[in-house]
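Hi there,

Here is the structure I promised to pass on to you. Have a look at it first, and then read on for what turned up.

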Amino acid sequence: MHLDVQDLRNFYYRSTLGRAAQKTVRDEVKKMWPEAHGQTVVGFGFAVPLLRPYLKDARRVTALMPGPQGVMPWPAGMPNLSVLCEEVSWPIETGHVDKLVLMHGLETSEQPSALLDECFRVLGPGGKALFIVPNRAGLWSRSDRTPFGYGRPYTLSQLETQLKRHHFMPERNETTLYQPPSQRRFWRKTGALMERMGHSLSMVVSGGVIMVEVSKRVHAPSGPGLREAVRKPLSILSPSPAKEPKPV
């Protein structure tokens with residue numbers, strides 16, 4: 001089940017822990033996608049904390065928010081770019097998205113398979129999608145004081161297997177949020193240090209969030225039609241047969 005948009009907004013924009021989580025995850029997204037010049041960028045779920053860096057250069061930025069979650073105006077002080085939509089029926093043309101981000105969308109969905117099909121539909125050739133989900137082995141998925149404590153947490157292999165079933169090709173992955181999900185001042189002050197240490201010791205320490213970047217895998221057409229068409233040259237390019245001399 002989806003969280004309420006008011007709870008998500010209060011966490012990410014009105015709490016110290018939420019602002020720290022927002023910055024940490026957004027910094028990792030910017031490392032993977034440093035720019036989106038002239039591209040169409042779409043976020044689904046509650047991905048607005050990650051979309052702001054692309055407002056300046058992207059051709060279009062759209063924040064899709066599912067009906068069970070609710071919608072809020074975004075970005076503040078600018079023309080609204082957020083849209084309330086059906087979870088598995090988006091108001092976006094097929095194959096028009098260059099970059100797609102899902103956060104608090106997949107793990108809380110009651111129709112994850114249909115949702116992934118919709119992601120595949122809107123993603124264009126050469127486009128990339130980034131799925132951000134709670135890590136089953138991390139601390140954040142065990143705390144209901146954060147949005148990452150709701151829904152179905154994943155392991156990396158579980159997430160990649162599900163994405164491959166829907167014809168996505170995993171390109172790279174990352175984990176983040178190594179700092180504890182605590183409001184205590186000590187952990188807030190040492191949060192940046194914990195993130196650096198966590199990335200260095202990622203084989204030992206589990207991050208709270210898994211991020212997987214995928215591309216759209218399109219199969220080549222099968223069947224005899226194309227092969228037969230290519231095998232037979234165009235008749236206009238064939239040499240003309242020599243004409244038989246007519247008897248006098």
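Which residues lie nearest the centre of the largest pocket, and how many residues line that pocket? Please keep in mind that this is a predicted model. The lining is made up of 14 residues, and K23, T24, D27, A192 and E195 are the ones nearest the centre. The pocket has a volume of about 270 Å³. Two helices, α2 and α7 (191-200), each supply at least two residues of its lining, and the largest share, 6 residues, comes from α2. If you sort the lining by class, you get 7 charged, 5 polar and 2 nonpolar residues.

Now for the chain as a whole. The protein chain has 8 helices and 7 strands. It runs to 248 residues, of which 46% count as buried. Taking contacts between residues at least 6 apart in sequence, 67% join residues that are at least 24 apart.

Next, the inside of the protein. The largest nonpolar core has 35 residues, and V29, F46, Y54, V61 and I132 are those with the most contacts inside it. The elements that give two or more residues to this core are the helices α1 (5-14), α2 (16-32) and α3 (48-51), together with the strands β2 (60-66), β4 (97-103), β5 (123-134) and β7 (209-216). Here, too, α2 gives the largest share, with 5 residues.

One more residue to look at is S109, in the loop between β4 and α4 (112-122). Is S109 buried or exposed? Its relative accessible area is 1%, so S109 counts as buried, the cut-off being under 20%. A polar atom of the S109 side chain lies 3.0 Å from the backbone nitrogen of Q111. Not counting residues up to four places away in sequence, S109 touches H2, E87, L115 and R152.

Terms used
Residues are numbered from 1 along each chain as its sequence is written. This is a predicted model: local features need pLDDT of at least 70, side-chain atom pairs count only at pLDDT 80 or more; totals for chains, interfaces and linings use all residues. Side-chain values use heavy atoms; hydrogens and water are left out. A nonpolar core is a set of buried Ala, Val, Leu, Ile, Met, Phe, Trp, Tyr and Cys residues joined through side-chain atoms within 4.5 Å. Buried means under 20% relative accessible area, exposed over 50%, partly exposed in between (1.4 Å probe, protein chains only). Helices (H or I, at least four residues) and strands (E, at least two) are DSSP runs, numbered from the N terminus. A polar contact is a pair of N or O atoms within 3.5 Å; within protein, one must be able to donate a hydrogen and the other to accept it, and residues adjacent in sequence count only if both atoms are side-chain atoms. Contact means heavy atoms within 4.5 Å. On a 1 Å grid over the protein atoms alone, a cavity is a set of points where a 1.4 Å probe fits but cannot get out, and a pocket is an open set with protein on both sides within 12 Å along at least five of seven lines; lining residues have an atom within 4 Å of a point. Grid points are joined across faces, edges and corners, and a volume is the space filled by probe spheres set on the points. Ala, Val, Leu, Ile, Met, Phe, Trp, Tyr, Cys and Pro count as nonpolar, Asp, Glu, Lys and Arg as charged, and the others, Gly among them, as polar.
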